Every structure is written in C-alpha cells, then in structure tokens.
Amino acid sequence: MNEITLKEFAQIFKFIIENNRRLEDEGRKTTAVGLTGLPGLGKTMTIRQLAEELGMTCVVVRLSQIEEIGEISGFPIKEYEVETENGVEWISNDVLQATVNCRDYRFTGKSRMSYAPPAWLPQEFNEKGTIVFFDDYNRCNSLIANTIMEIVNEGKHVSWELPKYTSVILSSNPDSGAFNVTAMDSAFLSRYVDFNVKFDINGFAEWAESYGMENRCQNFALYYSSELFDPSHPNHLDTINPRSYTTFTNIISGIKNWDKPESLALILNISKGCFHDPNNVVGSLFTSFIANKLDKLVTPEDMLMKKWDTVKEDIE
C-alpha cells in the first residue's frame, strides 16, 4: 500500500487548496480529497492546524453521529416567489410569517419546495477560503454518502451552495475488516483523490514537544513507538493509538510527584480506563518505565553520535 505521513499529506493538501482557488477562478471543477488512516492518528487535528495556519474557516462534520439526511442536505422548506422594489425574489414561508409588513411583497402565485442551508454550512464568507471536513465518510449510510457526493461534485445541494474557495476533504478508516465501515466502490473513488496515511513517530514527537507533553511521556512513546503505534509490529498493542495515549498523558499530567508509590499506583489505575486492555500492558510498562527511570538511559545512537563529554554527563 502506498502510504504517506500526515506531515507529507499536509503539504499535498496545502497545494491542492491553492490549486482549487485557481481552478474555481477559471470556472473549472475543484478537487475533493480523501484521507484514509487508522483511528486516532491525528487526521482531524492536522486539518484544523492547517486551516489555522492558512487563516481558513474549518468546518468538521462528524458523519458517524449523523442520523437524518436533513442534517447534511438541510431540511425542506416552501418558498414563494414575490416581487419587491429590488426585483423578483424567492421568500421562505418562515420569513413571510416573521415579516410584520407583507405589503412590501407582491405575490406572483408561484411556489416551490427548496432546502434550508444546513447548520454546518458557514454563513460568513472567508476570503482565505473554507475547509469542509466530512469525518468518518465510510461510516455513514448510503443516502448520506450520496448526498455528500452531490455536494462534492456540484459544490451545492439543490438551493444552497458551498462558500467560494471551499475545499472538501473526506476522512475514512481502512476497509480491513477491523472497523465497521462501508467499502467504497470505484464510482465513488473516482470522484476524489484519496491518500492513505500512516503513523510517523518523528511527526508525533515534533507535535508532542510543541503541545507541551510531559517529557517522560514523550520518551516512553519514543522508546516503545513500534509496540504502541505500529500495527505491523508483532508485539503491537491494538488497544492504544496516539489519541488514547495523548488522553492518558493529559490526565496524569495533573499528578505532582510521579516518584511516590501512591502516584504510580494511581497512574496504573488511570491507564486501565484509557487503553481498555484486560492485561493493562501499557500501564504496567509505563509505570515500570517511570519507576526504573528508563527515560534516563543513554541510547546506542547517542553513544555513537554524541560527544563523549555529553554522553558521560548523561551516564553520571
């Protein structure tokens, strides 16, 4: 499988966003993007960070929580054609009922069924653009998936449109049998470009440092990166991913002194609720790592690459 890291994906998506602006200005069809990866890799966080970096509006629609198609398409409304001093307009029934003085309208006798803009649709235009992120695309039902495809293809749904300079991204979990997802057929896949992303410990370490994750938590993740985050590793633990590990580190960051036995016991018990592992392997490894101060060990790479004076200080 051709896989890239989230950092590499961010570079590609940044280019596609700029290219979509050019295509839209030229009146051509823009490109929607698919992002497929394991849960908890940081897909949503990456898109939010990119939107913030570019000054774009970011809308995240969690499709696994959507039950009514109207939550995506907007709900049907009845509209009436009226003549005003500004010309002919279509006015919804709700607007007419809320208008105190309807004498400003002259009804033409025409009416139609339309769709109200859905709640997730941004109401204010951002000249730097908008990212609409449909999360868990292959977990929604077929009716919702078809509606989203219309939005992807046309940039609109019946009576409302996406804001100008909108880029659409669809995230999915792999169709590997491990997740409750719907397989995407070739007709769907041909309507957008799709990238498979993998976990990258270096990217995670950079993020953890900027996020302010406790140093010992960072060191533990680096020390056991394959066992924790690499599904291809024979000793990989299926009950943990970067998201659940970050949640764990956020909780235990409030514990003042990790050297005390009662603190380690508390950390061990907290881990039971974070990783859902009946054997609590991660919790046991983590507390042993902290108790034995394994984060202080000098790695073979440091022994070979660093100056001896620096390594000697670390050993001492």
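Biologist: Why does Arg 216 count as partly exposed?

Modeller: Happy to explain, and please keep in mind that this is a predicted model. Arg 216 has a relative accessibility of 22%. Buried means under 20% and exposed means over 50%, with partly exposed in between, so Arg 216 counts as partly exposed at its 22%.

Biologist: What makes Arg 216 and Glu 214 a salt bridge?

Modeller: The closest N and O atoms of Arg 216 and Glu 214 are 2.8 Å apart. The cut-off is within 4 Å, so a pair of this kind qualifies. Glu 214 is also partly exposed, because its relative accessible area is 25%.

Biologist: How many salt bridges does a search of the whole structure find?

Modeller: The search finds 10. One of them joins the side chains of Asp 136 and Arg 139, at 3.9 Å from N to O.

Biologist: Is Asp 136 buried or exposed?

Modeller: Asp 136 counts as buried, because its relative accessibility is 15% and the limit for buried is under 20%.

Biologist: What about Lys 293 and Asp 259?

Modeller: Their side chains meet in a salt bridge at 3.4 Å, N to O. Lys 293 lies in the loop between H12 and helix H13, and Asp 259 in the loop between helix H10 and helix H11, so the pair ties together parts that are 34 residues apart in sequence.

Biologist: Let's turn to the rings. Why is the pair of Tyr 223 and Phe 289 called tilted?

Modeller: The ring centres are 5.5 Å apart and the planes are at 55°. Centres must lie within 6.5 Å to pair; planes under 30 degrees apart count as stacked and over 60 as edge-to-face, so the rest are tilted. At 55°, the pair is therefore tilted. The pair also links distant parts of the chain, with Tyr 223 in helix H8 and Phe 289 in helix H12, 66 residues apart.

Biologist: How do you know that Phe 289 is buried?

Modeller: Its relative accessible area is 1%, and buried means under 20%, so Phe 289 is buried. Tyr 223, at 46%, counts as partly exposed.

Biologist: Which residue lies over the face of Trp 90?

Modeller: That is Arg 112, at 4.2 Å from the ring centre.

Key. Residues are numbered from 1 along each chain as its sequence is written. This is a predicted model: local features need pLDDT of at least 70, side-chain atom pairs count only at pLDDT 80 or more; totals for chains, interfaces and linings use all residues. Side-chain values use heavy atoms; hydrogens and water are left out. Rings of Phe, Tyr and Trp (its six-membered ring) pair if their centres lie within 6.5 Å; planes under 30 degrees apart count as stacked, over 60 as edge-to-face and the rest as tilted. Helices (H or I, at least four residues) and strands (E, at least two) are DSSP runs, numbered from the N terminus. Buried means under 20% relative accessible area, exposed over 50%, partly exposed in between (1.4 Å probe, protein chains only). A charge sits over a ring if NZ of Lys or CZ of Arg is within 6 Å of the ring centre and within 35 degrees of the ring normal.
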